[in-house]
Amino acid sequence: MIGFIIERIAFFAAIGGAGYIAFKGFSAIYRNIMLGRKEKLAGNLNTMLLVAFGQKKMFKRPIVAVLHFIFYVAFIVTQIELLEIMIDGAFGTHRFVYHLVEHIAPLRALYVFTVSSIEVLSLMTFFVTIIFFIRRDMLKIPRLSSIDLEGWPNMDAHLILLMEINLILNIFLMNTADMAVSNGAYGLWLSGIFASAFAGWDVEILHILEKVGWWGHLAGVLGFLMYLSISKHLHILLAFPNTYFTRQTPNGYLDNMESVTREVKLMMDPNAAVPESTEDGPVKFGAKDVTDLSWKNLLDAYTCTECGRCTAQCPANLTGKKLSPRTIMMKTRDRLEEVGKNIDANGGIWKDDGKSLIENGYISVEELRACTTCNACVEECPVNISPLNIIMQLRRNLIMEDSNSPAEWNGMFANLENNAAPWQFSQQDRFNWAKEQ
Ligand code: SF4
Ligand code: SF4
């Protein structure tokens, strides 16, 4: 009885502790995303179903897509067995669902089929995980081993694969010990085969092994939940809202800047009633820091999977320029995290740290200038992220607020301003070419 009570306390303490830590992490992320300025976006369910749920854009590379799909389906389906683990943990039962349906043949068959399918998927995921390790560490696929992934991003990718292996091994340990101790009563396919390895083992030892597997799997799931908020694997949650709120404007569409409209109105009528500030603060040209970007840009940053597909297609990157759209997303997230920590450390109020997203170890002017605005990164991204949208806003700020542009561009800007064309000719002379000489 004492053991039963201790185990329940340990279970609820683990759930409560992990839930609290995860909640704090996710709340901070939500708060950080909401630091962005407002952007009105209508949700689109079809886009979400196709791109996030159906993983449509992943299938541009079919082999990797199938491997990723196995990972994804296994992750979703395994949650069914997790439900039974949770019920057993809460009430101290053992295979609650099995015993509930044990004497109803069709439901029992469904139970055996479901849990056995989870085992098959888990085994497949085990091999996929090994392949993912090989791709990263032995084949050194360029987009997965480039310099911008050194340090934490690389460790993050490895940690998640190790966590996956831990989950799989523990679920097999639990099921196999259970099958061995029950003489195959649960009818599970794969663990039924593996159970022969435990033939003749002491029943007490098998019970302990089953418990180790059960707790190991639970700890893996809770650890994953707590870890998620500091990992790129947050995309398993955020890919859904991010694709739902995909901008429905054509690729390459550049929105009018309210701040420019305001200036034009003032030029035409110096007494025009134009606001000095918006509901997001003082009127600015483009974005200098993460809080000048929209909430969608910030959601993009947290959703980035760091897959590097954008960078692998970026013409600037391919021709040796410093720009990598993946790095743009990673740096935006890093800076946003820094801003969030600043707010937390100062009692919920932002204290100016004299930095911004441009330079300061984040996104350099050189990177911003290298973008050709070709949209390849947007097209490639499997979760509909737009690094270009961020680049354009930063570049607008650079030029319109800091007049920071190459000398060659300044001549063109002056021509646009004076002649409404990039050339050095007045508008009146635009048809001179057609006159007879
Ligand atoms: S839009 Fe810019 S960042 Fe994106 S692929 Fe083209 S050049 Fe690279
Ligand atoms: S922006 Fe998209 S394509 Fe680029 S690394 Fe992130 S998820 Fe991958």
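Predicted model: local features only at pLDDT ≥ 70, side-chain atom pairs only at ≥ 80, totals over all residues.

The protein has 437 residues, and 29% of them are buried. In terms of secondary structure, we've got 18 helices and two strands. The C-alpha trace spans about 105 × 50 × 40 Å along its principal axes. How does the radius of gyration compare with that of a compact globule of 437 residues? The globule would come out near 22 Å, while our protein has 28 Å. As for contacts, if you take the ones with a separation of 6 or more, 74% are between residues 24 or more positions apart.

Next, domains. The protein splits into domain 1, which is 2-244, domain 2, which is 258-405, and domain 3, which is 406-437. Between the centres of domain 2 and domain 3 there's a separation of 31 Å.

Now the inside. The largest nonpolar core has 43 residues, and the members touching the most others are L298, Y302, I363, I391 and L394. Which elements give two or more residues to this core? Those are α1, α2, α9, α11, α14, α16 and α17. Domain 1 and domain 2 each put in at least three residues. There's also a second, separate core of 21 residues, with I118, I171, Y186 and L188 among them.

Remember C371, please, as we move on to the ligands. Around ligand 1 there are 15 residues, and C314, C371, C374, A376 and C377 come nearest. The helices α13, α16 and α17 each supply at least two residues of that shell, and the largest share, three residues, comes from α17. What does the shell look like by class? We have 12 nonpolar, three polar and no charged residues.

Ligand 2 has 15 residues around it as well, and there the nearest are C304, C307, C310, R326 and C381. Here α12 and α14 each supply at least two residues, with α14 giving the largest share, three residues.

Start with E306, in the loop between α11 and α12. E306 has a positive phi of about 60 degrees, although it is not a glycine. Buried or exposed? Well, E306 has 22 C-beta neighbours inside 10 Å, so it counts as buried.

Compare that with N183, which sits in the loop between α6 and α7. N183 isn't a glycine either, and it has a positive phi of about 55 degrees. But N183 has 8 C-beta neighbours inside 10 Å, so this one counts as exposed.

Then there's S277, in strand β1, residues 277-278. With 9 other C-beta atoms within 10 Å, S277 is exposed. Apart from neighbours within four places in sequence, S277 is in contact with P282 and V283. If you go looking for L173, it's 104 residues away along the chain, and the two C-alpha atoms are separated by 62 Å.

Last one: P422, in the segment after α18. Why does P422 count as exposed? Because it has 12 other C-beta atoms within 10 Å, and 12 or fewer is the rule for exposed. Not counting residues up to four places away in sequence, P422 touches M412, N415 and L416. And W409, 13 residues away along the chain, has its C-alpha atom 9.7 Å from that of P422.

That's my tour. Over to you for questions.

Conventions: Residues numbered from 1 in each chain as written. Chains lettered and ligands numbered in written order. Domains from an automatic or database assignment. Near = placed C-beta within 6 Å. Helix = DSSP H or I, 4+ residues; strand = E, 2+ residues; numbered from the N terminus. Nonpolar A, V, L, I, M, F, W, Y, C, P; charged D, E, K, R; others polar. Buried ≥ 20, exposed ≤ 12 C-beta atoms within 10 Å, placed from the backbone. Contact = placed C-beta atoms within 7 Å. Core = buried A, V, L, I, M, F, W, Y, C linked by C-beta atoms within 7 Å. Rg over C-alpha atoms; globule rule 2.2 N^0.38 Å.
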